[in-house]
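Biologist: I am new to this structure. Could we go through it together?
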Amino acid sequence: MNKILITGATGYLGKEVVELLAEQSAESTIAALVRNPDKAEPLKAKGVEIREGDYDNYDSLLRAFKGIDKLYFVSGSDIAHRTRQHENVVNAAKEAGVHHVVYTSFQRKNETASSPIAPVAEAHLKTEAWLKASGLAYTILKHTLYLDMLPMFMGEQVLESGVIYQPAGDGKAAMLTRHDMAEVAAAILTSEGHENKEYDITAGQAYSYGDIAAILSELTGKPIQYVSPSQEAFSKTLSEQGVPAEAIGMSVGFAEAIKQGEFGKTSHDTETILGHQPTSLSDYLKQIYAS
Ligand code: NAP
C-alpha cells in the first residue's frame with residue numbers, strides 16, 4: 001500500500017490536503033510531517049500518523065521519510081532560508097528511498113534575477129532543478145497566487161473605503177483558491193499518471209484589479225474604484241500606516257509581478273485534474289464580501 005507523507009501539514013494548504021486524503025483513504029496510508037507536534041493534535045485526533053521533522057534538520061527528515069512512497073512537499077515559508085531547507089528535503093527524500101515527490105512550485109514568466117519576485121523564485125527554481133536531477137519521480141505544481149491572498153492585498157476595508165489601491169497597473173492574474181489547490185494535490189496523490197509531469201495550477205481566466213473592482217461593485221452594489229499608484233507612493237502610504245519595510249517590499253514585489261504578467265498564464269490543467277471547474281473569482285468574492 002502506498003504511504004503518503006504531507007509536509008507543511010500544520011499550515012493552511014498542507015492541513016487541507018491531509019484532511020481531504022484522510023476522508024478518502026485508509027488512515028494507515030496518510031502521514032503528516034510537522035515541526036511542532038502540539039499544533040498537530042487536531043490531525044492526530046483524525047487518526048493521521050504524525051512524524052516530526054524540520055526542513056532545517058536533515059536527520060529528522062531522513063527519519064520521517066522512511067517507508068514513504070509519495071511525498072507532498074509544501075514549499076517552506078521562511079523565504080530567506082528555504083533554498084537550503086529545500087535542498088535538505090530533496091536529498092533526504094532520495095536517501096530515504098521515497099519514490100515520488102509532488103512539489104508546490106510557482107507560476108512565472110521571468111526566471112531571471114530581474115524578476116520582481118526573484119527572492120521568492122530562487123528556492124522554487126532550484127528545487128525544480130534538484131528534483132529533475134535527483135532521479136526521483138516528480139510532479140511540479142506551478143501554483144498561481146492564492147485567491148485567499150486577495151483580501152490581504154486589497155486591505156480589509158475595501159468595501160468601506162471603496163478603493164482598491166495596488167501598484168499593479170492593468171496586469172492580470174489567473175488566481176485560484178487554496179482549497180482548489182489542496183483538491184488538486186489530493187487528486188494527484190491518489191491517482192496514477194502524474195510522474196515527471198509539470199502542471200500549471202492556474203485558473204482558466206485571468207483578471208486585473210480593475211476587473212476585480214468592477215465585479216465587487218456589481219456584487220455589493222457599492223462603487224469600488226481601482227487606483228494604481230506608483231511604487232514610491234504605495235510604499236510611502238504603507239510606511240505611514242506602520243507596515244514593516246520587509247512586508248512593504250513583498251507587497252510591491254507581488255504587485256509588480258502581477259503588473260508584468262508573472263501570474264497571467266491561464267490553463268485548463270486544474271479543471272482537468274479536478275474533473276470540475278475550480279471556484280471562480282466572482283464566486284470567491286461573493287463568499288468573502290457579499291454573503
Ligand atoms: P503556511 O500556512 O504558512 O504553511 C507553511 C507550512 O510550512 C507550515 O506548516 C509550516 O510549519 C511549514 N514549515 C515552514 N518552515 C518549515 C520548516 N523549517 N520545517 C518544516 N516545516 C516548515 O502557508 P500555506 O498558506 O499553507 O502555503 C504553503 C506554502 O505556499 C507556503 O509555505 C509558501 O511557500 C507558499 N505560498 C504560496 C502563496 C501563493 O499565493 N501561491 C501564498 C503564500 C505562501 P508550522 O506550522 O510549524 O509553521
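This is a predicted model: local features need pLDDT of at least 70, side-chain atom pairs count only at pLDDT 80 or more; totals for chains, interfaces and linings use all residues.

Biologist: Then let me start with His 194: is it buried or exposed?
Modeller: His 194 has a relative accessible area of 11%, and buried means under 20%, so His 194 counts as buried.

Biologist: Where is His 194 found?
Modeller: His 194 belongs to the loop between helix 8, residues 178-189, and strand 8, residues 197-201.

Biologist: And with which side chain does the side chain of His 194 make a polar contact?
Modeller: The partner is the side chain of Ser 191, at 2.9 Å.

Biologist: What about Asn 196: where is that one found?
Modeller: Asn 196 is also in the loop between helix 8 and strand 8. Its relative accessible area is 45%, so Asn 196 is partly exposed. The phi angle of Asn 196 is near 55°, a positive value in a residue other than glycine.

Biologist: Let us change topic to the ligand. How many residues surround the ligand?
Modeller: The ligand is surrounded by 21 residues, and the closest are Thr 10, Leu 13, Lys 39, Ser 75 and Arg 178. By type, the shell consists of seven nonpolar, nine polar and five charged residues.

Biologist: Which side chains have an N or O atom by the ligand, and at what distance?
Modeller: Among them is Lys 39, with a side-chain N or O atom 2.7 Å from an oxygen atom of the ligand. For Asp 54, a side-chain N or O atom is 2.9 Å from a nitrogen atom of the ligand. Arg 82 also has a polar side-chain atom 3.0 Å from an oxygen atom of the ligand.

Biologist: How much of the ligand does the protein bury?
Modeller: The ligand taken alone exposes 890 Å², and the protein buries 82% of that.

Biologist: Which pocket does the ligand take, and which elements give two or more residues to the shell?
Modeller: The space taken by the ligand is the largest pocket. Helix 1, residues 12-24, and helix 4, residues 82-96, are the elements that give two or more residues to the shell around the ligand.

Biologist: Back to the loops. Where is the place of Met 175?
Modeller: Met 175 lies in the loop between strand 7, residues 163-165, and helix 8. Met 175 is buried, because its relative accessible area is 9%. In sequence, Met 175 and Gly 264 are 89 residues apart, while their C-alpha atoms are 8.6 Å apart in space.

Biologist: And why does Ala 168 count as buried?
Modeller: Ala 168 counts as buried because its relative accessibility is 0%. Ala 168 is in the loop between strand 7 and helix 8. The C-alpha atoms of Ala 168 and Asn 57 are separated by 38 Å, and these residues are 111 residues apart along the chain.

Definitions and conventions. Residues are numbered from 1 along each chain as its sequence is written. Side-chain values use heavy atoms; hydrogens and water are left out. A residue is near a molecule or strand if one of its heavy atoms lies within 4 Å of it. A polar contact is a pair of N or O atoms within 3.5 Å; within protein, one must be able to donate a hydrogen and the other to accept it, and residues adjacent in sequence count only if both atoms are side-chain atoms. Accessible areas come from the Shrake-Rupley method with a 1.4 Å probe; for residues, only the protein chains shown count as cover. On a 1 Å grid over the protein atoms alone, a cavity is a set of points where a 1.4 Å probe fits but cannot get out, and a pocket is an open set with protein on both sides within 12 Å along at least five of seven lines; lining residues have an atom within 4 Å of a point. A molecule sits in a cavity or pocket if more than half of its atoms lie within 2 Å of its grid points. Helices (H or I, at least four residues) and strands (E, at least two) are DSSP runs, numbered from the N terminus. Ala, Val, Leu, Ile, Met, Phe, Trp, Tyr, Cys and Pro count as nonpolar, Asp, Glu, Lys and Arg as charged, and the others, Gly among them, as polar. Buried means under 20% relative accessible area, exposed over 50%, partly exposed in between (1.4 Å probe, protein chains only).
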